[in-house]
Amino acid sequence: MTRQAVQHARDAGQRLSDSVRQDVESTLRAVLADAQAADQWATGRLESALTPPSDFPSGPAAEAGTPRQPPPPPTPPPARSRPQDELAERRRQRHERLEQARTTAEEAQRRLDDRRADHQDADTALRRAQDRQGQAERQQDDAQRQLTAAEEQLRQAQETHRTAQEQLNEAQEDLRHAARDRREAERRAHTTAEALTHAEQEAREATQQLKRLRRRRTDPSEKP
């Protein structure tokens, strides 16, 4: 694993010194031998190299597969050191972040469900609005057809009105001429009536004169 780390660094353009190589090897051995060191290494942030337990084999013998010595009898757990406290604090913080992330995910899921419900309601409202719009468009088309028919009827009525107005004007003009002719005829009739009356009077007088003259001729004793 140390050789792979050195190779990765070389591939990345970095050359590890011997001391850094030893720190990498020491840290990897500590991770393999100590669970607490493994937890600390799993955080991905180490302030210094880790040291493996004294009973963990190292050096050429470990690389050659020398069997490990039996572990010593278990001893009481030592008092927690500062790195252990820091590790516990980081675990607590990770747990809090996990709980917070879980809460955030649940809230996000609830918001997602609400948004889906809102979207469904909006989609339903959209379909209803589209239906109303389609109905309104059909009503508009019907109204437009009725308006066109009414305008045609109005145009015909206006044409009829103009024709009737022209006929009325002609009739009024004829009426004025007829009234004028009637007045002229009345004047002529009045004049002729007076002339007739005068003629009748003259005729009566002439008849009477004729009668008187005839009587004189037949009766000499009659005075003129």
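**View 1. The surface of the predicted model.** Welcome to this protein, shown here as a predicted model. Turning to the interior, buried residues account for 7% of the 224 residues.

View 2. In total, the protein has five helices and zero strands. How do contacts link residues along the sequence? Of the contacts between residues at least 6 apart in sequence, 38% join residues at least 24 apart.

**View 3. Where helix H1 meets helix H2.** Here we look at helix H1, residues 2-11, and helix H2, residues 18-33. Two packed helices are described by the angle between their axes and the distance between the axes. For H1 and H2, the axes come within 9 Å and cross at roughly 135°. H1 and H2 are therefore oblique to each other. The crossing of H1 past H2 is right-handed.

**View 4. The residues between H1 and H2.** Which residues of H1 and H2 make the contact? On the H1 side, look for Thr2, Arg3, Ala5 and Val6. Their partners on the H2 side are Arg21, Val24, Glu25 and Leu28. Sorted by class, the contact of H1 with H2 holds four nonpolar residues, one polar residue and three charged residues.

Methods
Residues numbered from 1 in each chain as written. Predicted model: local features only at pLDDT ≥ 70, side-chain atom pairs only at ≥ 80, totals over all residues. Heavy atoms only, no water. Helix = DSSP H or I, 4+ residues; strand = E, 2+ residues; numbered from the N terminus. Buried < 20%, exposed > 50% of the residue type's maximum accessible area, 1.4 Å probe, protein only. Contact = heavy atoms within 4.5 Å. Axes fitted to C-alpha atoms, helices over the stretch in contact; angles between N-to-C directions. Parallel < 35°, antiparallel > 145°, perpendicular 65-115°, else oblique. Left-handed = near helix turned anticlockwise from the far one by under 90°. Nonpolar A, V, L, I, M, F, W, Y, C, P; charged D, E, K, R; others polar.
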